[in-house]
Each structure stands twice: as C-alpha cells, then as structure tokens.
Amino acid sequence: MENKKIKLRFPDGQEKEYPAGITGDELVKEIGARLAKEAIAVKINDQILELNRPITEDGDIRFLTFADREGREVFWHSSAHLMAQAIKRIFPRAKLGIGPPIEDGFYYDIELDRPITPEDFHRIEAEMARIVEADYPIVRKEWPREKAIEFFKNHHEDLKIELINDFPDEEVISAYSQGEFTDLCRGPHVPSTGRLGKHFKLLSVAGAYWRGDEKNKMLQRIYGTNYPKKKMLEEHLHRIEEAKKRDHRKLGRRLDLFSIQESIGNGLILWHPKGARIRRVMEQFWIEEHYQHGYELVYTPHVARLDLWERSGHTGFYRENMFPPMKMEEVEYQLKPMNCPFHITIYKNQLRSYRDLPIRLAEFGTVYRYERSGVLHGLMRVRGFTQDDAHIFCTPEQLTDEIVQVLDLVLYILQTFGFHEYDIFLSTRPEKFVGSLENWEAATAALEKALEVKQLAYTVDPGEGVFYGPKIDIKIKDVLGRSWQCSTVQVDFNLPERFDMEYIGADGKRHRPIMVHRALFGSLERFLGVLIEHYAGAFPVWLAPVQVIVLPITDRHHDYAQEIHNRLRGAGVRVELDRRNEKVGFKIREAEVQKIPYMLIVGDKEMDSQTVSVRHKGEGDVGRLKVEEFEARILHEIQLKK
RNA sequence: GCCCACGUAGCUCAGUCGGUAGAGCACAUCCUUGGUAAGGAUGAGGUCACCGGUUCAAAUCCGGUCGUGGGCUCCA
C-alpha cells in the first residue's frame, strides 16, 4: 500500500501522481497556501471527502471552497453540528433529530422539554464560539449497526436510533466526533471546529414535525447561518433586512394598497383604491393581450351546484381544500375552488367541430379555497383569490403548438412586469394519477417538445405533476433572487373524459379534445404581492397607482395647479393635486414616501411661463418643462410600459 | 391544523412589583403663504383583540376563543 501511486487529474487538466493514502490537506498545501486556507472539502470523482481522509483511488480531483455549492453545504452541515454540540452542553437533556444545510445556512431539529427562545441564542452562540476556539478535530467513525445503536442508546438519543433502524441493511453507519460530542452523520465535514470561524448567527426557532410528518411529534427547529468572512455574514443579514423592508404586508399598509381585516375574515383581501388601480392596469393589459392572442373572455359565477363538483371530481380529490357546501331550496351549492368546470360547460353548450379548435376561454376567475389558518400569509397565500385562468381545448395534434404559444405569452407578460429570470420545472406523473400511460407520455412529450422549441432550460421534477396530467411551472426570481411560483401550464385529459367532451373530427366521428389549464400571473393577489416586493413599492410609471402629483407652492398657484391636474387627467394620466396648507418641502417628502414617480412643482415662475418644474422620484429636480412637453413625455413612458 | 412568540390610539411603539393608560406620526382647528425629503400652537382620539377566572383591585396573573408573525405540512 505504501508504495502504491495514484493518479489525480486537476480541474485545469494537469495530471499528477501521488502516493496512495495522501490526504486532501497534505495535497492542497502543495498547491498553495491560499487554497489550503479556503478549502473545505475535496471532491474525488463524484465523492466528497474530508480533507483529512486518505485518498486511495485515481480520478478527477477538485478542492471545494465556500464558493462551491457543495463546499457551502459541508461548511453549513458542520456548523449545524457545532450548534448541536453547544446546545447539548447547555441542555444535556436535548435529543437530536436531524441537522442539514439549507439554502443559506443550516438548522437542527431538537427535542427538549423546554422551549428554546431567541434569548437563549446568545448563550448558544457563546458556547459555539468556545468550541470553535478549542479547534477540536472532527473525526469520522464507521460503526457496525449494533455498536451505533448501543452508543446512541447510552446517550439517550432516541431519534437517532429511529433513524438507524430505518437505514437499509447495507448502509455504512458513520458518526462524527468533535471533543465530547458525537453525532450520527453521513458527512462529510470540515477537518476541525476551528475551521468554522466566528461569523455565525442563530436566526430563529420554529416548530417542525419529526421527519416532516404531522402525525409525529413536534420538535424545535433552530435556524442559523455561518460565513467564512465577516463581510459575507453582514451582507446576508443585510439581505434579510432588505427583504423585511420590502415586505408587501408593510408596504401594502404604508402605501394604502390593500388590507386584511379580522372583521372580514382571514385570508380575504380588501383592495383599497390605490391597490385596485394597479390591479386594474394589470387586468387591462392582460385582457388586451389575450384578445390579441386568440382568447375569448368569459364570466362565470362564484358558486355552482354541488353536482357540478361531483362530476368534475373535486368533491372527491379536492374536498379538503374547499369551503363547505351550502344548502338552498333543497339544493346544495358550492363556492368555486376552480374555474375549469364552468369553461368546460361553455364548451359543451354546443357541438364543436375540429374547425373550431383550439378554443381558448379566459377569465379572471375568483376562487375560494380552504387553507389551514397557519399557512395564510399576506397576499401570497389567501383563501379568496383571482386566477388569470384560461382553458385551451384542442386536438392532440395542436397540443405542442398551443403550449409553445402559452410559453411565448407567459414570457412576454412576465418580462413586461420586470421579471427576467426564471426557474422552469417540468413535473411528471405522480404516484396517484388518472388516465392512461400513453396519454401521460404524449402529454409529457408535448410539454418537453414545447420547452425545446422555446429553448428553455428546465429541471424535471419527477412525480410532482397534478394527478390529472403533467405540468410546467415557471418560478420567477425577484430582485433579491427569491423565487416565486406564479405561472403554470397543465395538460389535462381527466376532465374532458369526466365531462364527456367531444368535437367532430374531419372524419365525421366524435373525438375527445385535450385541455390545457394555464395561468400567467397565477393569482393576481400573489403576483401583486411579489410585484410590491420586487419593486419595493416604487412601481414603474405605467403601473404606479399615482403617476404624477402636482404640488403648488402657495394658494395663489392653486388655480394653475388645478389646470395642469385637469389636463393630465384628461389625457389619461393618474394624477393628484396636493392643495394642503403645507410647505413644498413637506409635500415633496410625502410624495417621495408614497413613491410617486413624478412631482410637478408649480409657483410663480411656472405660472408665468406655462411650465412645470419636474422632480422625479429618487432623481430629484430634473428641470422645467412646458406642460405639453411633460405630458408627451409621460404618455410616451406609459405607452412603453416603463 | 400543529409548535413557539405576539395582540395597548388609524400607524409605529413605551407602560417597572397588579393600583382602571402614554409618546411620535397621522387626524381636526388656528397661526404661518413658505421654491425641492418633516414650520408652529391647540385639540380630539383607547371596552388595553374578545370571553371567562383569580384578586379589595387586572393592560399586567391564569384559562379559553379569535387574529397576526416565524416555521412544519400543503399550495396559485
């Protein structure tokens, strides 16, 4: 073994020979001090190893740092252990669940007879700092199952034993020790606790079901994060602050866009005039585009007889999401959770020919769904919301092309609203499904084909489709890089079947159409919520609820200000006039706080020259313009949807 | 629904050990007519979320209900 050599290939293509059993640490030190300092783990072929583990095989080698996603995962995973060790020191009774890395940090689930509160965080953090200071080596152990079980039994780690018992027989059981602390873990980890540095912070504590199952007991999940550099931690905390500042619930109140009130009911939205303005602009734009793209708009009621929902299958598979039915004159009615049965019924109202297809029916359909109280969240998750819903009924041959057209429309609309980055998912057949395998395959192929035609990169989400068909979900990314599920395109061959939908084909025979459900905004409530956070409430001119505010300097300028106001309003601009008895500085401040894009200041000079002094939000004074010049300028911006 | 925390004026928040409430902003009235992010004075505004309990006495302690927040599960 000692004389054996291994051949390693580095990312730059260089190959070198080393004695077998050399550790990552030894190797990286040869490469350079800087990389040695930053290295977190080493990746050989597809396996990630600790830096102190001997390397025994040939292959591609790469050192992982915090810049690599996998490197961060190791770093945060070790940080979770660090926190667990500190918690065990302070609360020896605590039992450990699992503690994985997540998107930007880590958590650990623990069972403890006393709630952990944010006040405990400082104590835990201080203990973590001591453990880092001690720089314990992190040592991997591989144990036979019995030994592992015995060890965790002795340490009263019942949850760990439960995990071990569920491991497949052939699984190698490994544990990692640092100082007095040992945790069941697959690894890998950083070589010692000192490598984790001191730029960590515990962020929050929340309940979480053991193994994610609500039938199990609830554990306490403590979230934290850790960065190799102080500046990175600060940036992360700053991002959290920034997100708080953009919170649509706060901005919604401050800008008087909407409210949710106890007296109305939770999860139900009141759109105030300014929020309604934005929503109306969205709707008008959407309606125009849909007529342009061959859709027909319809209106359908908010309730329907329960029978309809029985036929559609909703009372079976969707009941737990529906409001309870109500009875009137011996007939039961149901508040609608979806719009599809109505659109189908319109389709079925006459015999359709293949020549009529595709038929595209669209509607702002307001639906009501029962959501458990704990999941409600501002505009993002509500009980009554309006979908920009449409159903396309087409022949199998038309399917791909219809989906391509939907994708075109989705991307165009999202881009218009300022979203240029997306994550696209193709969700395939779930375990519980209806319909034939051929149908599923054909539908999935049509979705794939459409994505190929559009050259869109996507991720397959296996088994995440709806029970009636596969779907494409488009998640938009906002300015802070957070992603939001809005648009969805779903193929459905279940409902056409259930409703016995037909069209007469060229062969004179009856055929079954395919149905596509699609929503671009998804829900107007959620989309507007995302929009508020994306723009931090400072909407572009075309969307701003108030586009212009006229600010007269004294009373004697009121008539002139009124004239400008009337003129702009006549031209279709959303304009307000601030006639209050306040200094102009005060009025400007208020307009800035309200995030109004344009302020027109009018005093003697403007009155004499028939001009306005234009101040743009954020930019400050941009000089004087003739009234007609300003009007042309803002109308142009609105037209360009800027 | 579950775990934890929270609920005081329209908004943001003080309120110590249990002794029936306070600020700033907003609002109203008056003064001020001021040129690019807060002029001044005065005033009004509260069943301390709701229901019950303990107590001579509850915003404060206890229980329940409703709501909100952070999560879990689920989702547009």
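Let's start with burial: a residue is called buried under 20% relative accessible area, exposed over 50% and partly exposed in between, using a 1.4 Å probe and protein chains only. What you have here is a predicted model, in which local features need pLDDT of at least 70 and side-chain atom pairs count only at pLDDT 80 or more, while totals for chains, interfaces and linings use all residues. As for bookkeeping, residues are numbered from 1 along each chain as its sequence is written, chains are lettered from A and ligands numbered from 1 in the order in which they are written, and side-chain values use heavy atoms, with hydrogens and water left out.

Now for the overall view. Along the principal axes, the C-alpha atoms of chain A fill a box of roughly 90 × 75 × 55 Å. Of its 642 residues, 51% count as buried. If you take contacts (heavy atoms within 4.5 Å) with a separation of 6 or more, 67% of those in chain A come from residues 24 or more positions apart.

Which residues of α14 are buried? They are W440, A443, T444, A446, L447, A450 and L451. They cover an arc of only 150° around the axis, so they sit on the same side of α14; the arc is taken from the directions that lead from the helix axis to the C-beta atoms. Among the elements covering the buried residues are α13 (399–416), β24 (422–427), β26 (471–477) and β27 (483–492).

α13 also leads us to the largest nonpolar core. A core of this kind is a set of buried Ala, Val, Leu, Ile, Met, Phe, Trp, Tyr and Cys residues joined through side-chain atoms within 4.5 Å. This one has 65 residues, and those touching the most other members are M282, I403, F417, F527, L531 and L543. α13 gives the most to this core, with ten residues. Leaving aside residues up to four places away in sequence, I403 touches A446, L447, A450, I472, V489 and V491. Apart from this core lies another, of 38 residues, including F75, Y108, F200 and L202.

Next, the RNA. 53 residues surround RNA strand B, the closest being Y209, S373, R381, D555 and N581; a residue is near the strand if one of its heavy atoms lies within 4 Å of it. Of the RNA atoms within 4 Å of the protein, 46% belong to sugar or phosphate and the rest to bases. Which helix supplies the largest share of the surface near RNA strand B? That is α18, with six residues.

An N or O atom in the side chain of R249 is 3.1 Å from a phosphate oxygen, one in E262 is 3.0 Å from a sugar or linking oxygen, and a polar side-chain atom of E592 lies 3.0 Å from a base nitrogen.

H517 is found in strand β30 and, at 6% relative accessibility, counts as buried. A polar contact of 3.2 Å joins its side chain to that of H391. Such a contact is a pair of N or O atoms within 3.5 Å; within protein, one must be able to donate a hydrogen and the other to accept it, and residues adjacent in sequence count only if both atoms are side-chain atoms.

Most residues other than glycine have a negative phi, and most peptide bonds are trans. The bond from L357 to P358, however, is cis, with omega near -5°. D135 has a positive phi near 55° and, at 39% relative accessibility, is partly exposed. A536 has a positive phi of about 50° and, at 17%, counts as buried.

Conventions:
Helix = DSSP H or I, 4+ residues; strand = E, 2+ residues; numbered from the N terminus.
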